[in-house]
Amino acid sequence: MADSHVQVDQSSTAGAPLLNRIQNHNHQRPPRSQERANDDVVLDRVLQKLETFLSLLGFKQSSVLWSLLSWAAFAVVGVLLPIGMLELSSCSECEKYHIEDFELDILAMQACLAAVSLLCLSLNVRKYGVRSFILADRYSGPMTHSSSQYVQQIKNSLQLFVFWSLTCLLLKIVREVVRISYVHHESWWLSSTILLGLIISWTYLSTIYILATILFHLICNLQVVHFDDYAKLLERESDISILMEEHIRLRYNLSKISHRYRMFLLLQFCVVTASQCVTLLQTTGYRGRITIINGGDFAVSSIVQVVGIILCLHAATKISHRAQGIASLAGRWHALATCSVADVSQLRVSSSVGNLEAMNGQNCLQISYSENDLESLDYMSLPVNTQLTSQMSSYHKRQAFVMYLQNNPGGITIFGWRIDRGLMNTIFFIELSLVTFVLGKTIVFTSK
């Protein structure tokens, strides 16, 4: 008897070579938990490098000593160094072109913008840590995210940071070289020292500002990954309570981002707006000739500020529109689920109605099929069967879930103002009004 069992097992094993190959392949392939552990190790390494980079720029002020060193470096490199270089570069030609007056205004705006970025981000990094600040915490649930997606988003953001930093730095170097070639000093050593000092200071201030905007861009892109995973969850999950719980968690993350970044975004808009107004006042109010020698820094600093604003607005509107688009996806999901059930239910309802007519005779129920299925079923005295009742119950749950999503769209907000196309149109018209006001005060046409 035992021999027969052995023969049967051997024959079944020999007759299933495909099963053996699948089992061998599964043994050779690392388990899913091991792949996830490897991804977590890579993510930890990337976050450690990001934390080191933030520490070098003074964003990680973990103690009082580090805070003092960070702000001391900001005062020396970002403020005192360029002021000293501007004092050394003073000459008769500089006064002729009003270079010193222009550059002092530009330096003040750059220092204010970098100080706002350093202050707002250092407080959040010190309070939450780098991982919690960018919302890259480990999470185990229906929407378990891959650490490789986090790593890819961080790398893309760093590449974007390097690209814009090098582009703006190249523009600054070209402008300073042109300026030094036209404005001569006592010696080339002095000119080279001034050139190097101004470039170092400008690079430090611009790097702080661009990095702050890139971090906000990174956080929003990580949330885009979460919303994409949530859209996939809608396709495979039918439990409304799980979908509600995950959406509440996503909205909570967006609320945390809005709370942590609202002061930075608001102060950034104010400082950039003030800087652009000052630029218009200086350039349009100046009666001389504006060239690259005296007005080149206005163009370079404006490019840096506009790039930062565009990165922030693009990231905020992207996640806001993605959050609002979840309601439309859920509506489509609800419609498809309802239509797929309606075909089967309608046949059962019609057959059940025929049975009721045969049983009740002249006391039959008149059902109007011009109305929707839900209103038609309200006229029936008893449910047809338990399966139809469960289908209608799931319909009500889906309907309530879709209404919840429509009334709670979510998104990045600044003190209640959601950053979307409507707010961008408002900002555009406010900026346009300020521009026309400044131009009206400085450009005056006199009639002879």
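Let us start at the largest pocket, where helix H14 gives the most to the lining, with eleven residues. What you see is a predicted model, in which local features need pLDDT of at least 70 and side-chain atom pairs count only at pLDDT 80 or more, while totals for chains, interfaces and linings use all residues. Residues are numbered from 1 along each chain as its sequence is written, and side-chain values use heavy atoms, leaving out hydrogens and water.

Rolling a probe the size of a water molecule over the atoms shows where empty space is left. On a 1 Å grid over the protein atoms alone, a cavity is a set of points where a 1.4 Å probe fits but cannot get out, and a pocket is an open set with protein on both sides within 12 Å along at least five of seven lines; lining residues have an atom within 4 Å of a point. Points are joined across faces, edges and corners, and a volume is the space filled by probe spheres set on them. Helices (H or I, at least four residues) and strands (E, at least two) are DSSP runs, numbered from the N terminus; the protein has 14 helices and two strands.

Back to the largest pocket, which holds about 710 Å³ of space. Of its 25 lining residues, Phe-269, Thr-273, Ile-427, Phe-428 and Glu-431 are the closest to its centre. Helix H10 (240-285), H11 and helix H14 (421-442) each supply at least two residues of this lining. By class, the lining has 21 nonpolar (Ala, Val, Leu, Ile, Met, Phe, Trp, Tyr, Cys and Pro), one charged (Asp, Glu, Lys and Arg) and three polar residues (the others, Gly among them).

The whole structure contains six cavities of 30 Å³ or more. The largest cavity has a volume of about 130 Å³, and of the 13 residues lining it, Leu-107, Gln-110, Lys-172, Leu-198 and Asp-297 are the closest to its centre. Helices H4 (64-88), H6 (99-128), H8 (147-182) and H9 (188-236) each give its lining at least two residues. Seven of the lining residues are nonpolar, two polar and four charged.

The second largest cavity contains about 60 Å³ of space.
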